[in-house]
Amino acid sequence: MEKYIRSHDDALIFYTHMPADKKKPTLVFIHSVCANWTVWKIEMAFFQRLGYPCLAFDLRAHGLSEVLPNDEQYFLPNFAKDLDAILTTEKIKNFIIIGHSFGGGIAINYCGIFPKKLPKLLVLAETAYRYPFQHKKEFNMNPFIALFLRFLGEHQHFVNVHLPHLRELDFSTDFHRKQRSNLTILLEALHVTPLRSILKCMDGLQKYSFDHLQDTERVLSRLKIPVLIVSGSEDKVVPLHFQEELHHLIKKSELKVITGAYHRIPIQNPEEFCAELLHFFEKHNAVMHFGSAKKKIRKKIVKKASKKKKR
């Protein structure tokens, strides 16, 4: 079911909620910057077949959510408050958060702001707890390209004419599963997120990270819920050492590396990712007993993941 909600600062946020077995925790998926909720379509379909309620939302200024005019509206805690507004509206108290990259940062921030509303489990995929880019080298791109993109971001007419905002671009198709350069991926993403909004998200993240680094470390070191950290072995955007830092900080965490994966695990490696998620849920008793049909689904996806690892 597709819905909209007005958040704490009146921002219009789009989300999709798929109810299922009420005894199971709701899986809450948070996408990264430059994307929309559709990056999770394969994972959501898989877990829906296993009876899990699923929820995903478009981050503010992404996809079908509202593009916002003020810089302060892109400050990191606003994204966490959007999530809380959705969970409160849907009366969801038993849930698991799965966040990718910037979405993982939102999940961490949510845990810090709402310590009495923690998820049952937390999954952080290709996530850093501190700002992972050097100054003027967003997404670890060539600094000249990063500067040029910032120049374009201040010239909205060019962006409007040459990069129209196709808010409903579907990231779950086979086309998007192919590996391409970071610049190509970013230019493609500009159709669902205005360039100015992407840059404001990065600026807001950088400022919050620098100003609240010790607070974030304290939140992570005190987390008492089980945490799964997933990294791609070939990720050049947020390399493995950032996930190793998270693993070191979070006492009840485990680190899984998906061999051959780049910085788009939810899109390019959904089979392996689902297998890791399911194993993690089973390990921490977040899974009900499988019927015979559900066992077949699980075996099929695990088998697919195993074949890919051998390649």
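This is a dialogue about one chain in a predicted model.

Colleague: What makes the local features and side-chain values of this model count?

Modeller: In this predicted model, local features need pLDDT of at least 70 and side-chain atom pairs count only at pLDDT 80 or more, while totals for chains, interfaces and linings use all residues. Residues are numbered from 1 along each chain as its sequence is written, and side-chain values use heavy atoms, with hydrogens and water left out.

Colleague: How many helices and strands does the chain have?

Modeller: The chain has 13 helices and 8 strands; helices (H or I, at least four residues) and strands (E, at least two) are DSSP runs, numbered from the N terminus.

Colleague: How do you know what span helix H8 should have?

Modeller: The expected span is 1.5 Å times one less than the number of residues. For the 17 residues of H8 (residues 195-211) that gives 24 Å, and the end C-alpha atoms are 24 Å apart, so the two agree.

Colleague: Why is H8 called largely enclosed?

Modeller: Buried means under 20% relative accessible area, exposed over 50%, and partly exposed in between (1.4 Å probe, protein chains only). In H8, 12 of the 17 residues are buried, so the rest of the structure largely encloses this helix. Among them are Leu195, Cys201 and Tyr208.

Colleague: What makes a set of residues a nonpolar core?

Modeller: Such a core consists of buried Ala, Val, Leu, Ile, Met, Phe, Trp, Tyr and Cys residues joined through side-chain atoms within 4.5 Å. The largest one has 53 residues, and Phe57, Ile97, Phe102 and Leu122 have the most contacts inside it. Helix H2 (residues 76-89) gives the most to this core, with 7 residues.
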